[in-house]
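Here is a short briefing on one protein chain. Keep the sequence and the 3D view open as you read.

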Amino acid sequence: ASYPKSGNTWFRAFLQNLKEDSDTPVEINALSGSMIASTRVWIDSVLCFASGDLTDDETERLRPLVYDWHVLEQPDDISYHKIHDAWLRAPGSDIPIGGGTATLGALYILRNPLDLVASVANHRGLDLDGTIELMCNPQAMLARTQDGQPPQTRQRLGTWSDHVASWVDADELDCLPLRYEDMLADPEASFSLAVTFLRLPNDSARIARAIDQSRFSKLAAQEEISGFREAPIKAERFFRHGRSGGWRSELNDQQVAGIIDAHGAMMQRFGYLDADGAPV
């Protein structure tokens, strides 16, 4: 789980390289794994009718039941699914988006929101100020129905801080927060922690090989050669820089202040601000 552009795709590449354990890195356009939680393919296959015939609220109320049904049908199966929704309940429902019994736990990847601004802006085709406004909007969402029916269902995000809190503070959820910056600084420790949490074999040699095969430079090189089918049309490229601290040359003082004013408490909680409220 993650707010968009926080390292979810990078982790998916690592996970597939780990599971395949091949001498050849997985192709980014062959990232299969399990379906994203918001895909209509999964939902419609269980419902046996098109969810596009429903309202967004109706579809969202059915989603957790779809996941619970999946567990009933495959009780011994543990699968891993990407999700960008905040951990919320649909209007009129008391079941969280991940289901009542379906979700064993959540690995929540979070990233400094100052660095997220430029990355989300590139991905969504927005300017920096528009992106900051989006990250501070409690009504922010993905795939909201407009003309036609998108391949994914509505995904409510809320603000960046709300999104983080919805996952890491959910009483009924076993959640492991993992910072993008720690994944960069100490990949062996961070990815090993994640592997153990995901109930996968903690084999140091396999983990090291998967880390190397999914290095950002290698993912970006693959995109340069063959493109990336998950990249949005508006984005110049999906894999931009893969670093932390880029905000220092990308944002002006007013933009930095806007993010800190809106998200300072959560940023301080996860070490993105020092005790005096200054960026670290």
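**Strand pairing, cores and salt bridges**

Strand E1 (residues 106–110) and strand E4 (residues 175–179) pair in the parallel sense over 5 bridges; pairing takes at least two DSSP bridges between the strands. The model is predicted: local features need pLDDT of at least 70, side-chain atom pairs count only at pLDDT 80 or more, and totals for chains, interfaces and linings use all residues. Residues are numbered from 1 along each chain as its sequence is written, and side-chain values use heavy atoms, leaving out hydrogens and water.

**Strand E1**
- Ala106 has Cys175 of E4 as its bridge partner.
- Both faces of E1 are covered, with Ala106, Tyr108 and Leu110 buried on one side and Leu107 and Ile109 on the other (buried: under 20% relative accessible area; exposed: over 50%; partly exposed: in between; 1.4 Å probe, protein chains only).

**Nonpolar cores**
- A nonpolar core is a set of buried Ala, Val, Leu, Ile, Met, Phe, Trp, Tyr and Cys residues joined through side-chain atoms within 4.5 Å.
- The largest has 42 residues; Tyr3, Tyr108, Trp160, Val164, Trp167 and Met267 touch the most other members.
- Another core, of 26 residues, lies apart from it and includes Phe11 and Leu178.

**Salt bridges**
- The whole structure holds 11 salt bridges (a Lys or Arg side-chain nitrogen within 4 Å of an Asp or Glu carboxyl oxygen).
- Arg156 pairs with Glu60, with closest N and O atoms 2.4 Å apart.
- Arg156 lies in strand E3 and Glu60 in helix H3, so this pair ties together parts 96 residues apart in sequence.
- Glu60 is buried at 5% relative accessible area, while Arg156 is partly exposed at 22%.
- Asp57, Glu60, Arg154 and Arg156 form a salt-bridge network.

Note on methods: Helices (H or I, at least four residues) and strands (E, at least two) are DSSP runs, numbered from the N terminus.
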